[in-house]
Amino acid sequence: AFTRSPYERLLADVVRGNRDAFIDAKVLKQRWKLFSDLVTEIDGVHDFIPYKLGSRGPVESDQLMKAVGFIEQEKIETE
């Protein structure tokens with residue numbers, strides 16, 4: 001059986017006029033305002049810690065997770 005890719009399904013929805021996967025301009029503006037307010041609120045509170053591209057992130061993130069009691073589970077393969 002032929003299965004369309006997610007991108008093909010999205011384009012087919014656009015052609016058919018199905019807007020279920022989209023939000024309107026009013027909602028988009030509200031969400032950007034919320035996001036912008038959040039960024040403004042935390043800007044300067046936390047320093048960005050650089051880390052190597054493709055890595056798990058900075059060592060400090062592992063330290064934080066350990067400090068809050070996060071227990072790492074076995075890695076789940078996604079493909």
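Me: Before we start, what does "partly exposed" mean here?
Reply: Buried means under 20% relative accessible area and exposed means over 50%, so partly exposed is what falls in between. Keep in mind that this is a predicted model.

Me: Good. Where does phenylalanine 35 fall, then?
Reply: Phenylalanine 35 has 45% relative accessibility, so it counts as partly exposed. You'll find it in helix H2, which covers residues 25-42.

Me: Which residue forms an aromatic pair with it?
Reply: The count comes to one aromatic pair. Tryptophan 32 and phenylalanine 35 form it edge-to-face, with 5.6 Å centre to centre and 85° between the planes. Both lie in helix H2, three residues apart, or about one turn of the helix.

Me: Which nonpolar patch is on the surface?
Reply: Trp32 and Phe35 belong to one together with Ile23, Leu28 and Val39, and the five share about 470 Å² of accessible area.

Me: Switching topic: how many salt bridges are there?
Reply: There are three. Lysine 33 joins aspartate 37, with the closest N and O atoms 2.8 Å apart. Those two are four residues apart in helix H2, so about one helical turn separates them.

Me: And what does arginine 16 pair with?
Reply: Arginine 16 bridges to aspartate 13, their closest N and O atoms being 3.9 Å apart. Both sit in helix H1, residues 6-16.

Me: What about arginine 56: which side chain does it meet?
Reply: Arginine 56 meets aspartate 62, at 2.4 Å from N to O.

Me: Is arginine 56 buried or exposed?
Reply: Exposed, because its relative accessible area is 59%. Aspartate 62, at 36%, is partly exposed.

Conventions: Residues are numbered from 1 along each chain as its sequence is written. This is a predicted model: local features need pLDDT of at least 70, side-chain atom pairs count only at pLDDT 80 or more; totals for chains, interfaces and linings use all residues. Side-chain values use heavy atoms; hydrogens and water are left out. Patches are made of residues with over 30% relative accessible area and no salt bridge: like charges are joined within 9 Å, nonpolar side chains (Val, Leu, Ile, Met, Phe, Trp, Tyr) within 5 Å. Accessible areas come from the Shrake-Rupley method with a 1.4 Å probe; for residues, only the protein chains shown count as cover. A salt bridge is a side-chain nitrogen of Lys or Arg within 4 Å of a carboxyl oxygen of Asp or Glu. Rings of Phe, Tyr and Trp (its six-membered ring) pair if their centres lie within 6.5 Å; planes under 30 degrees apart count as stacked, over 60 as edge-to-face and the rest as tilted. Buried means under 20% relative accessible area, exposed over 50%, partly exposed in between (1.4 Å probe, protein chains only).
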